[in-house]
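Have the viewer open as you read.

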Amino acid sequence: MMSRQTRPSSLSPRDGVGDRAGAKCQGWPRAPSDGESADGKEDDERVSTALQDLKPVPVQLGGVRGGPDVRTLRRDGWWRSPAATVAFLTVVVVYATWAVFQNAHYYVGASAHRDLISPLYSPCLTGSCVPGAGGSFALNWWRISPGLLALVIPGGFRATCYYYRKAYYRGFWQSPPGCAVADGHARYTGETRFPLILQNLHRYFFVLALILNVILTVDAVMAFRMPGEGGIGVSVGTLVLVANAALLWLYSASCHACRHLCGGHVNQFSKHPIRYRLWRITTPLNARHMQIAWASLAMVALADLYVRLVSSGVFSDPKIF
């Protein structure tokens, strides 16, 4: 569990030290105020001296949240990132919800000489799946959209993802919206109560997501099939599903749980050369986890949109070769 700290009274926003400390730590732009040198060296020395005297003040569960006594100590556009997060996630969630409850136009089959299925509906496990979209196994008793079943694992995996938790905690819950910004809530309970306690299921969703990645990879391979047009080829839809599968593998490989699985609880890498090699591969990916998370999420929505437009007859899937 992450520990939080309250702002010590010695760093008051009135004396500029707290603001300067945040600026030095985060690289925020700040013009020198009266009494400061242009290069900020004198103020940096005051900050360094003040920081040496700081002692962490842990926040107890059920106690008052940490953070500054004022709305914010920052002078930059700190609100842009949480606002962009809210806007993007809202668009994706609203679109995915609409697409799943449509229960139509999620598969392009032999009649169009293609084998394309939306990632929002794969695997298609219900008896109501359109011909060609499902496999030999079917849950005939499930009468609602098959997309609701297909989204359980990826939805749970992303909702409990360490990065996404940071993103929507800051964006939607203002908890807190940013460093050196006051928390939007008066009490702190951590992830100890329902529903946040379910965040601990992330490592299990990670394993299940790997199975789903295999299924979506098979879908990408099947997208090379072109019934009635020579059997095998490459179309725009093929590239879309291949890109979707590749980004999902990158998202899983860059996950914090994956990196921990490769190198966690190892005291000496020299005694675990294979895990060390895996850790060396996942570590640089983990550093790009944020970018990969957004790109893969956008790609899932775009892949569904592409299959939906082709299936509904808006345009045909162009064959490349």
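A disulfide is counted here when two cysteine sulfur atoms lie within 2.5 Å of each other. Please keep in mind that this is a predicted model. By that count the structure holds 1 disulfide, and a search of the whole structure turns up 17 aromatic pairs.

**Cysteines**

- The disulfide joins Cys124 to Cys129, with an S to S distance of 2.0 Å.
- The torsion about the S-S bond of Cys124 and Cys129 is about -105 degrees, so this disulfide is left-handed.
- Cys124 and Cys129 are both buried.
- Cys258 takes part in no disulfide: the nearest cysteine sulfur belongs to Cys262 and is 4.3 Å away.
- Cys258 counts as buried, at 10% relative accessibility.
- Cys179, in turn, is partly exposed, and its relative accessible area is 35%.

**Aromatic rings**

- Among the 17 aromatic pairs is that of Tyr163 and Trp294: the ring centres are 5.9 Å apart and the planes stand at 90 degrees, so the pair is edge-to-face.
- This pair links distant parts of the chain, as Tyr163 lies in helix α6 (residues 162–171) and Trp294 in helix α11 (residues 289–311), 131 residues apart.
- Tyr163 and Trp294 are both buried.
- One aromatic cluster is formed by Phe88, Phe157, Tyr163, Tyr164, Phe206, Tyr251 and Trp294.

**A charge over a ring**

- Tyr251, one of the cluster members, has the charged end of Arg158 sitting over its ring, 4.3 Å from the ring centre.

Definitions and conventions:
Residues are numbered from 1 along each chain as its sequence is written. This is a predicted model: local features need pLDDT of at least 70, side-chain atom pairs count only at pLDDT 80 or more; totals for chains, interfaces and linings use all residues. Side-chain values use heavy atoms; hydrogens and water are left out. Rings of Phe, Tyr and Trp (its six-membered ring) pair if their centres lie within 6.5 Å; planes under 30 degrees apart count as stacked, over 60 as edge-to-face and the rest as tilted. Helices (H or I, at least four residues) and strands (E, at least two) are DSSP runs, numbered from the N terminus. Buried means under 20% relative accessible area, exposed over 50%, partly exposed in between (1.4 Å probe, protein chains only). A charge sits over a ring if NZ of Lys or CZ of Arg is within 6 Å of the ring centre and within 35 degrees of the ring normal.
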